[in-house]
Structure formats: structure tokens, C-alpha cells
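Have the sequence and the 3D view open as you read.

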Amino acid sequence: TGGITADGLTVNDTIRLDNEDTTVSANDIFGDIEFYDNDGGSAGAGVTAKIESSALNTYGASNLNFYTSSSSGGARTALTQRMKIDGLGNVGIGTTPTNVLHVHQADATSNSYVHITQADGGSAATDGLSIGIEDGGVNAVIRNRENGYLRMYTNNTERMRIDSSGNVLVGKTSANSNAAGIELHSNDLI
């Protein structure tokens, strides 16, 4: 609530970016917000990031696109689209989304992960859970980076567990118990 005043201009409640074009085509830009760096250092002054609204189609649906620049050899690189939220609410990171969440690694020499961490375990690259694709995009990985188990559920009931020792338990939750189920031990015992 209230207003925003910057350089003598006061805006109350809503900032609107208008496009005067009365004919909308797919990918037309409705408006954008640019973040500008005035530092004349080695990278030079210029736009460092941008948020842009663009037409999804000719019917008024829109995308929200997020751009950033990086640096290479002390020089700022051109803006690159990093994330897109399309008119259906789908989110694409590194790509145009084809599903609710679509993550794409454009560098073929790098692995692509979704990394999930929590305060108790820490937030470093060696913490949490990673789900991704490795080895040129052909191998899928689920990686618990903590000293804990990995559980799989169906019908809201635990069906399989891989414990921190590498034992696979099907239909039971602890190794070497008398409970019904199957155990595959990391030391080759069944």
C-alpha cells in the first residue's frame, strides 16, 4: 500500500508498462524491467538483468521471462534467458517449459540436477538430495548426499528402502529384523 517516489516521480499502488501496439503476435514484448550497472570498470556500464513480459500467442496469454548476464575474462556477457514462466504457469529453467517444471542444462559437458536441501542438513553441494541426469544425458540419478536412507512409497505406504549401508529392503523398514519382506545386503547376502 502507499506510493513509491523515485527521482521526483510518485507511483501509487500499480506500475504499468504499456505496449501501444494494437496487434499482438506471438513473442511480441509487452514490457520489461531492466537492471542497469553504471560502474565503468572492466565490465563497463550496461544492463545486468531483465524481466520481460512477452506474448505467448495472439490471444493475450503471456510469458514472463527472466534474463541475467555473467562475466567472462572480466567482461559482462550478453543477457541470456535463464527462466520462463509461460501463460499456463509452467516453469522452465534453462529452457522453454514443456511441463509444470522443466529443467535443462545447456552445457553438454555438465550434469543436470535438481538439488533439494534443508536447514538441518546444510545447503552445500554435498548436502541434501539431488535428482538428475549424468553422463551425456543418458543416465538418471537419485542421490541422497546425507548419511540416511532413501524410501519409496506407493498408496502412502513405504514399500522399499535403501538404508545408509546400501542394504535394499522391500516390504520392511530395517535390516536383520524378523519382519516379513526381502533384504538385499551390500555384502552380497540375501
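## The β4–β5 hairpin and its neighbour

In the hairpin of β4 and β5, 6 residues sit between the strands, and G60 takes a positive phi near 95°. Helices (H or I, at least four residues) and strands (E, at least two) are DSSP runs, numbered from the N terminus. This is a predicted model, where local features need pLDDT of at least 70, side-chain atom pairs count only at pLDDT 80 or more, and totals for chains, interfaces and linings use all residues. Residues are numbered from 1 along each chain as its sequence is written, and side-chain values use heavy atoms, with hydrogens and water left out.

β4 and β5 pair in the antiparallel sense over 7 bridges; two strands pair if DSSP finds at least two bridges between them. Along that pairing, E52 stands opposite N65 in β5. On to the next partner: β5 also pairs with strand β8 (residues 80-85), again antiparallel, over 5 bridges, and there Y67 stands opposite Q81 in β8. Strand β5 (residues 62-68) has two faces: N63, N65 and Y67 are on the covered one, while S62, L64, F66 and T68 are on the uncovered one.

## Salt bridges around K50

The whole structure has 6 salt bridges, each being a side-chain nitrogen of Lys or Arg within 4 Å of a carboxyl oxygen of Asp or Glu. One of them joins K50 to D32, with the closest N and O atoms 3.9 Å apart. That pair links distant parts of the chain, as K50 is in strand β4 (residues 46-55) and D32 in strand β3 (residues 29-37), 18 residues apart.

How exposed are the partners? K50 has 14% relative accessibility, so K50 counts as buried, whereas D32, at 29%, counts as partly exposed. The cut-offs here are under 20% relative accessible area for buried, over 50% for exposed, and partly exposed in between (1.4 Å probe, protein chains only). K50 also meets E52 in a salt bridge, at 3.4 Å from N to O, and both K50 and E52 are buried.

## E183 and its contacts

Now for strand β17, where E183 is placed. Its side chain meets that of K172 in a salt bridge of 2.6 Å, N to O. K172 lies in the loop between β16 (168-170) and β17 (182-184) and E183 in strand β17, so the pair ties together parts that are 11 residues apart in sequence.

K172 and E183 are both buried; E183 counts as such because its relative accessibility is 10%. The side chain of E183 also makes a polar contact with the side chain of H185, at 2.6 Å. A polar contact is a pair of N or O atoms within 3.5 Å; within protein, one must be able to donate a hydrogen and the other to accept it, and residues adjacent in sequence count only if both atoms are side-chain atoms.
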